[in-house]
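Hi,

Here is the structure I said I would pass on. Have a look at it first, and then read my notes below.

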Amino acid sequence: MEKGRIHWTDYIGVFLIILLGVVVSALSGGAFLISVIFSTPFLYKMVGNYFKVVEVKNNLLYYKEGVLFQETREIKYSKINEIKLSQNVIQKFFGAGELVILTGNDTHTRLPCLAQISQFKQEIEKKMEAL
């Protein structure tokens with residue numbers, strides 16, 4: 001069983017928002033409220049990612065997310081039609097990316113920005129072939 005880890009590149013966009021908040025705060029005379037407002041998305045993302053779980057188990061792919069309202073998906077390997085790998089330039093450089101799992105009727109599950117995404121995808125494909 002392999003557990004997926006959220007890659008740090010998932011935080012780049014939120015980090016840029018915080019950087020913008022620091023600049024705006026500095027230009028406005030150090031308004032504390034502006035800094036708090038701009039750092040809120042980062043805190044939301046950190047807490048949300050802390051509670052995300054992605055696991056490759058023997059007979060299914062397990063995905064759980066949410067803090068107050070949790071959503072759990074258990075996808076049997078026999079139901080997976082296609083696995084799409086999505087990477088931007090930065091994610092590709094650092095070996096991270098998102099997986100989109102397509103199942104029956106082309107419904108999909110988007111797995112978050114995971115570290116070592118190629119190995120994670122290969123592990124899922126091995127489990128699918130073993131069926």
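From the N terminus, the protein chain runs β-α-α-β-β-β-β-α-β-β-α, which comes to 4 helices and 7 strands. Keep in mind that this is a predicted model. The chain is more spread out than a compact globule, because its radius of gyration is 18 Å, well over the 14 Å that the globule rule gives for 131 residues. Along the principal axes, the C-alpha trace spans about 65 × 35 × 25 Å.

As for burial, 32% of the 131 residues count as buried. The accessible surface is about 8,500 Å², and carbon and sulfur atoms hold 59% of that. If you take contacts between residues at least 6 apart in sequence, 45% of them join residues at least 24 apart. On the charge side, there are 15 positive and 12 negative charges, and their mean positions sit 2 Å apart.

Now the aromatics: I get 3 aromatic pairs. One of them is Trp8 with Phe94, edge-to-face at 4.8 Å centre to centre and 65° between the planes. This pair links distant parts of the chain, 86 residues apart: Trp8 is in the loop between β1 (2–4) and α1 (12–27), while Phe94 is in helix α3 (residues 89–94). Trp8 is partly exposed at 46% relative accessible area, and Phe94 is partly exposed too, at 38%.

Tyr50 and Phe51 also pair edge-to-face, with 5.2 Å between centres and 90° between planes. Here Tyr50 is exposed at 66%, whereas Phe51 is partly exposed at 33%.

Finally, Trp8, Phe93 and Phe94 make up one aromatic cluster.

Cheers

Key: Residues numbered from 1 in each chain as written. Predicted model: local features only at pLDDT ≥ 70, side-chain atom pairs only at ≥ 80, totals over all residues. Heavy atoms only, no water. Helix = DSSP H or I, 4+ residues; strand = E, 2+ residues; numbered from the N terminus. Rg over C-alpha atoms; globule rule 2.2 N^0.38 Å. Buried < 20%, exposed > 50% of the residue type's maximum accessible area, 1.4 Å probe, protein only. Contact = heavy atoms within 4.5 Å. Areas by Shrake-Rupley, 256 points an atom, 1.4 Å probe, with all protein chains shown as cover. Lys, Arg positive; Asp, Glu negative; His and termini not counted. Charge placed at Lys NZ, Arg CZ, Asp CG, Glu CD. Phe/Tyr/Trp six-rings, centres within 6.5 Å; stacked < 30°, edge-to-face > 60°.
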